[in-house]
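The following paragraphs walk through a structure step by step, beginning with a single residue and ending with the way the copies are arranged.

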2 protein chains.
Amino acid sequence: MARVPRQKRAKETVNAIIEAGFIAMAEHGPASTTTRQIADIAGVGVGSLYEYFDNKEQIFQVMAERFVADTIALIQPLVPTLVRKPIREAVRELLQKFREFLQQNDARYLECARHAMTLGFEEHLEPLAKALQELVTQYLMHHPETLKIRNIPTMSYIMINGGIFAVVRHLSEPAPPISFDELVEGLADMIGHYTEQEIALVERQGMESR
Amino acid sequence: MARVPRQKRAKETVNAIIEAGFIAMAEHGPASTTTRQIADIAGVGVGSLYEYFDNKEQIFQVMAERFVADTIALIQPLVPTLVRKPIREAVRELLQKFREFLQQNDARYLECARHAMTLGFEEHLEPLAKALQELVTQYLMHHPETLKIRNIPTMSYIMINGGIFAVVRHLSEPAPPISFDELVEGLADMIGHYTEQEIALVERQGMESR
DNA sequence: ATGCTTGTTCGGATTCAATTCGGAAAAAAT
DNA sequence: ATTTTTTCCGAATTGAATCCGAACAAGCAT
């Protein structure tokens, strides 16, 4: 952003531009969204885009940041509730909330996510991965029996990244071979089984060594 | 492709363009590779690009197709060997081969994969997903005890997509929190545990119903 | 209110990369 | 050798992204 909006009017302009970005992106896909389209939808002149953004790319970047920030804002208040639930239920609830989130605002975010992998979304994904990492950490602390699981960093890395992408990929498939609900169940089972088996393993070893 | 190369010379040109595409992509990232760069690296005039490709985008598409095709060509001969091995070992071997594959040719493919999520790679991923699906199917047939696992389609969807993306994401992180070997072990464990637990579950149920 | 400074908007002018096109050179066919 | 087909090219065109300076609005001191 070349310049910071100081007056209310200017802030509204910036906001209109970002909103317009989402709309244009959902309609045309990222490759064929032009600055003129964004400006027209936002109801501002093309020149105005460049008052607050260095280039078109940066508009997309800010959109991505907002998307990720909103997703995190969705997750964080859920943490205290989720950490008290059984693992499968927690996974299910998290993913269902995420789905609802994507479908609000005429499914604008969903349309974006569908096209949007096309951008450098991953670069902005880090904060989301961090938030999920935090959720995992909180969860582990509320379930002391899970702390004995081996390779927690590795497994949470796999679950978080694998999970994010399995969901995003599913959303971006025109005709996915499985339903979203099946995907959710599958992820819940995958994670549930893993933790259960690890805990069982630890207990067995504990008994043997007595 | 507007035109099909008929003479040997022309085929070499096409090939040089695609190769140049990989080099330029690895060097500048997809967003800022220009047609001129590609033409210069390939040692042809800019105009020549358009003899065989409709536009720059299509060059990237063909690159993606070649990448995916090469990956499949890597996997398919491994199938007969992999299906005879224990699950963890199979996963480990597959992923290690994949890593070697990415690092050949000055790690050109790896550099591409790093940037390349930025493109519509996923659209070309389908054949790869299919090949992996086939590997899973073959594996299951060679291990009859695994056929009792519930939700095989869902679980293989998650493992394949989650696996692909966890690996790609790992490769594209400048400072990943875990090593590639840890990732491989983790994935092997995740898949291994799941199948073991499912098999155990089925056996237990089998005993109960007697 | 009035003049002054700072912030904001705008759209034509400019720049830059993608794409086109018509003809020259090379290869193949006659 | 001549004709036909294929290939190659780079200057010219096109269109979108970006810049810029004048015009307009807001804040603010007098």
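Ile17(A) is found in helix H1 of chain A, which covers residues 8-28. The model is a predicted one. Ile17(A) counts as buried because 23 other C-beta atoms lie within 10 Å, and the threshold for that class is 20 or more. Leaving aside neighbours within four places in sequence, the contacts of Ile17(A) are Ile38(A), Ala42(A), Val44(A), Leu49(A) and Ile59(A). One of these, Val44(A), is 27 residues away along the chain, with a separation of 8.1 Å between its C-alpha atom and that of Ile17(A).

The axes of H1(A) and H4(A) come within 10 Å of each other and cross at roughly 85°. Angles of 65 to 115 degrees count as roughly perpendicular, and H1(A) and H4(A) are therefore roughly perpendicular to each other. By class, seven of the residues in the contact of H1(A) with H4(A) are nonpolar, one is polar and one is charged.

Helix H4 of chain A spans residues 56-75, and Ile72(A) lies in it. Is Ile72(A) buried, exposed or partly exposed? Ile72(A) has 15 other C-beta atoms within 10 Å, so it is partly exposed; the buried class would need 20 or more, and the exposed class 12 or fewer. Not counting residues up to four places away in sequence, Ile72(A) touches Pro127(A), Leu128(A) and Ala131(A). Ala188(A) is 116 residues from Ile72(A) along the chain, and the C-alpha atoms of the two are separated by 20 Å.

Now the chain as a whole. Chain A has nine helices and zero strands, so its elements can be written from the N terminus on as α-α-α-α-α-α-α-α-α. The C-alpha trace of chain A spans about 75 × 40 × 25 Å along its principal axes. Of the 210 residues in chain A, 32% are buried. Among the contacts in chain A with a separation of 6 or more, 69% are between residues 24 or more positions apart.

The next topic is the pair of chains. Two copies of a chain are related by a rotation about an axis and a shift along it. Here, chain B is superposed on chain A by a rotation of 180° with 0.0 Å of shift along the axis, at an RMSD of 0.2 Å. The two copies are thus related as by a two-fold rotation axis. Which residue of chain B comes closest to the rotation axis? That residue is Gly162(B), whose C-alpha atom is 1.9 Å from the axis.

The contact between the chains takes 30 residues from chain A and 30 residues from chain B. On the side of chain B that touches chain A, the elements giving two or more residues are H8 and helix H9 (180-208) of chain B. H8(B) gives the most to that side, with 12 residues. By class, the side of chain B that touches chain A has 14 nonpolar, 11 polar and five charged residues. The copies meet through the same surface, because 100% of the interface residues of chain B are also interface residues in chain A.

Helix H9 of chain A (residues 180-208) packs with helix H8 of chain B (residues 152-172) at an angle of about 75°, their axes being 9 Å apart. H9(A) and H8(B) are therefore roughly perpendicular to each other. In H9(A), Glu182(A), Leu183(A), Glu185(A), Gly186(A), Leu187(A) and Met190(A) meet Thr154(B), Met155(B) and Ile158(B) of H8(B). The residues of this contact of H9(A) with H8(B) comprise five nonpolar, two polar and two charged.

Ile158(B) is in contact with Ala166(A), Leu183(A), Gly186(A), Leu187(A) and Met190(A), leaving aside its neighbours within four places in sequence. The largest nonpolar core has 71 residues, of which Leu187(A), Ile17(B), Ile158(B) and Leu187(B) touch the most other members. H8(B) gives the most to this core, with 11 residues. Apart from this core lies another, of 21 residues, among them Val14(A), Ile23(A), Met25(A) and Tyr109(A).

Conventions: Residues are numbered from 1 along each chain as its sequence is written. Chains are lettered from A and ligands numbered from 1 in the order in which they are written. This is a predicted model: local features need pLDDT of at least 70, side-chain atom pairs count only at pLDDT 80 or more; totals for chains, interfaces and linings use all residues. Axes are lines fitted to C-alpha atoms, for helices over the stretch in contact, and angles run from 0 to 180 degrees between N-to-C directions. Helices (H or I, at least four residues) and strands (E, at least two) are DSSP runs, numbered from the N terminus. Angles under 35 degrees count as roughly parallel, over 145 as roughly antiparallel, 65 to 115 as roughly perpendicular and the rest as oblique. Two residues are in contact if their C-beta atoms, placed from the backbone, lie within 7 Å. Ala, Val, Leu, Ile, Met, Phe, Trp, Tyr, Cys and Pro count as nonpolar, Asp, Glu, Lys and Arg as charged, and the others, Gly among them, as polar. Copies are superposed by least squares on the C-alpha atoms of residues with pLDDT of at least 70 in both. A nonpolar core is a set of buried Ala, Val, Leu, Ile, Met, Phe, Trp, Tyr and Cys residues joined through C-beta atoms within 7 Å.
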